[in-house]
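Please read the points below with the model open.

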Amino acid sequence: MELRPYRESDVQRLAALANNLRVSRYLIDTFPYPYTQKDASWWIGEGAHANQAIARAIVIGDQLVGSVGLTPQQGWRSHIAEIGYWIGEPYWGRGIATWALSTMTREAFEERGYRRLIAPVLAPNAASAHVLEKCGYRLEGTLTEEVFKLGEFHDILHYARNAPGSERRGNER
C-alpha cells in the first residue's frame, strides 16, 4: 500500500468507487452523490488542493482504493488540521483505513509539524469511529444534531489526537 498524489489517470477509478451511496452517506457534502467523472476531475484538478489541503490517493499496486487527507485550520487554530478518509466499498474490512489514517497521522505530526488533528464523524458511522480509536484518537465530545444529511439530523462525534509530547499539562490560564 502507498499514499500518493492524485493523477489525472485516477478520474475514472475515483468516479467508480466514489459513486456509491454507502461510501458517501457519512461524508461531507463536498463529496456528492451521485459522484460523476466531472466531480472526480474537479477533485483531482482543484478540490484536493483547495485551502492548502493535502489529499492523497490510497493505492494498492497501482489501483486507487480510497483517499486520505488533511485540511489545515486557519488563524489561531493553524496548529490544527482536520483529517479525513474514505475507502471504496470493495476494500472495506481489510485494515486499509487504519493503515492510511496511521500513515497520514504520522506525516501530519512528523513532517508537517501539526500539534493536533481533529476528526469529526457522523454518529452512525461506527466503523470510522473504530478506526480512529485504533489509531489513538480520543472521543472528546458529541455535538448534538449538528448535521442534516439525507433527510436526517445526525450527531457529530468529535475525535482528536495530539502530537506526541504535546499533551496538555493542566489548566493553563
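1. Leu21 is partly exposed, because its relative accessible area is 36%, a value between the 20% limit for buried and the 50% limit for exposed. Leu21 sits in helix 2 (residues 21-24). Together with Tyr33 and Leu150, Leu21 makes a nonpolar surface patch of about 310 Å². Keep in mind that this is a predicted model.

2. Which residues does Leu117 contact, leaving aside its neighbours within four places in sequence? They are Leu70, Ala81, Ile83, Thr105, Ala108, Phe109, Tyr137, Tyr159, Ala160 and Arg161.

3. Ala108 belongs to helix 4. Ala108 counts as buried because its relative accessible area is 0%, and the limit for buried is under 20%. Beyond the residues up to four places away in sequence, Ala108 touches Leu70, Gly113, Tyr114 and Leu117. Gly69 lies 39 residues from Ala108 in sequence, with 9.6 Å between the two C-alpha atoms.

4. Helix 5 (residues 126-134) has four buried residues to look at: Ser128, Ala129, Val131 and Leu132. Seen down the helix axis, these buried residues fall within an arc of 160°, so they line one face of helix 5. An α-helix has 3.6 residues a turn, so residues three or four places apart point the same way. On the other side of helix 5, Ala126, Ala127 and Lys134 are exposed.

5. What covers the buried residues of helix 5? The cover includes helix 4 as well as strand 4 (80-87), strand 5 (116-122) and strand 7 (152-162). After helix 5 comes Gly136, which has a positive phi, near 90°.

6. Is Ser128 buried or exposed? Ser128, a residue of helix 5, counts as buried because its relative accessibility is 12%, and buried means under 20%. Leaving out residues up to four places away in sequence, Ser128 touches Tyr85 and Val121. The C-alpha atom of Ser128 is 9.2 Å from that of Thr98, and the two residues are 30 residues apart along the chain.

Conventions. Residues are numbered from 1 along each chain as its sequence is written. This is a predicted model: local features need pLDDT of at least 70, side-chain atom pairs count only at pLDDT 80 or more; totals for chains, interfaces and linings use all residues. Side-chain values use heavy atoms; hydrogens and water are left out. Contact means heavy atoms within 4.5 Å. Patches are made of residues with over 30% relative accessible area and no salt bridge: like charges are joined within 9 Å, nonpolar side chains (Val, Leu, Ile, Met, Phe, Trp, Tyr) within 5 Å. Accessible areas come from the Shrake-Rupley method with a 1.4 Å probe; for residues, only the protein chains shown count as cover. A salt bridge is a side-chain nitrogen of Lys or Arg within 4 Å of a carboxyl oxygen of Asp or Glu. Helices (H or I, at least four residues) and strands (E, at least two) are DSSP runs, numbered from the N terminus. Buried means under 20% relative accessible area, exposed over 50%, partly exposed in between (1.4 Å probe, protein chains only). The arc is that of the directions from the helix axis to the C-beta atoms.
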